[in-house]
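This briefing concerns the model shown below. Please read it alongside the sequence.

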Amino acid sequence: MLIADKLRSKGITVTTGTEPPVSNVEAVVTYIDKWMWDITMYMLELTITIRDPKTDFPIASGNSFHTSLTRLSPKDMVNEVIDNIYKGAK
Amino acid sequence: MNATPAKYGVFVAAVALVLVLAGCASPASREGMALQTPAFGKQFPYSVRVQTSGGADTGAVDTINISDADLKAAIEDAVVQSKLFAAVVQGKDGSDYELNVRVISLSKPLFGGTLTVEFEAAWSLTKVEGRSVVMRKSVKSSGTVTMGEAFAFVTRARLAVETAARENISLGLKTISGLDL
């Protein structure tokens, strides 16, 4: 939901789910999150990939990696990755 | 609370064992990612320039990564050995095709016995003249290494990454060999 909300904040219409995407979508967004424990659980790494819905080809991707000392909240990790993808697209 | 020398000895031995088993991370090497006698059953009479991106260097306390330079070298070695293309060109000019390979994800376990690494790379081949894209494919591969193959975790992790990379290179070049260029 964090990724969907972030994309919605950029004016994109977003639907979520695990079913195959409907035919009229322009992109499919997938992610891989990796969590670790250090006193509390935290997100170690997040990779977000934007794919061509027809071929599954990764059109763009971004990654954020923060160890315990520089840990960010999941929302901040999502913001960092999506913002970097947008910066790279310019 | 008095610690006896015996307890100290056990503690030091345990720390030493952990250090030996953990060790420092070393990156997936060009040699480790190299295909052994690659052959794809086709030889294109064109030159190709290989570009890689999305990889990362491996620091002493990082998890195992694949560097762009090592991945590029391993792909180029496979192309040269298999003669899939007539020549591999370095630099910006003079090639008939450009092969771009972008590392999308490399999922590495942080602990465990049998390690399985999942690797995805975006392969695209562009004909330089006219800038037409002749292939775009997401290539997914995996590599599994057991404790029987390597006891130290960092060695097992590196071997798993290299196995996944080799399979990815093989699948990517096999896909290209199926094209009609």
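Two strands are said to pair if DSSP finds at least two bridges between them. Helices (H or I, at least four residues) and strands (E, at least two) are DSSP runs, numbered from the N terminus. In β2(A), Thr40(A) is the bridge partner of Asp38(A).

The model is predicted: local features need pLDDT of at least 70, side-chain atom pairs count only at pLDDT 80 or more, and totals for chains, interfaces and linings use all residues. Residues are numbered from 1 along each chain as its sequence is written, while chains are lettered from A and ligands numbered from 1 in the order in which they are written.

**Chain A: overall**

- Two helices and three strands make up the secondary structure of chain A, and from the N terminus on they follow the order α-β-β-β-α.
- Along the principal axes, the C-alpha atoms of chain A fill a box of roughly 45 × 30 × 25 Å.
- Of the 90 residues in chain A, 19% are buried (20 or more other C-beta atoms within 10 Å of the residue's own, with C-beta atoms placed from the backbone).
- Contacts are counted where the C-beta atoms of two residues, placed from the backbone, lie within 7 Å; among those in chain A between residues at least 6 apart in sequence, 37% join residues at least 24 apart.

**Chain A: sheet**

- The three strands form an open sheet in the order β1-β2-β3 (chain A), with antiparallel pairing.
- Because β1 (28-38) and β3 of chain A stand at the edges with a single partner strand each, one side of each is left without a neighbour in the sheet.
- Neighbouring strands of this sheet are turned by 15° against each other on average, direction ignored, the axes being lines fitted to C-alpha atoms.
- The antiparallel strands β1(A) and β2(A) are joined by eleven bridges.

**Contact between chains A and B**

- Eight residues of chain A are in contact with seven residues of chain B.
- On the side of chain A that touches chain B, β2 (40-51) and β3 (58-65) of chain A are the elements that give two or more residues.
- The residues of that side of chain A divide into three nonpolar, four polar and one charged (Ala, Val, Leu, Ile, Met, Phe, Trp, Tyr, Cys and Pro count as nonpolar, Asp, Glu, Lys and Arg as charged, and the others, Gly among them, as polar).

**Helix α3 of chain B**

- The buried residues of α3(B) include Leu71(B), Ile75(B) and Val79(B).
- Among the elements that cover the buried residues of α3(B) are β1 (44-53), β3 (97-107) and α4 (153-177) of chain B.
- Lys83(B), whose phi is positive, near 60°, follows α3(B).

Key
A residue is buried if 20 or more other C-beta atoms lie within 10 Å of its own, exposed if 12 or fewer, and partly exposed in between; C-beta atoms are placed from the backbone. Axes are lines fitted to C-alpha atoms, for helices over the stretch in contact, and angles run from 0 to 180 degrees between N-to-C directions.
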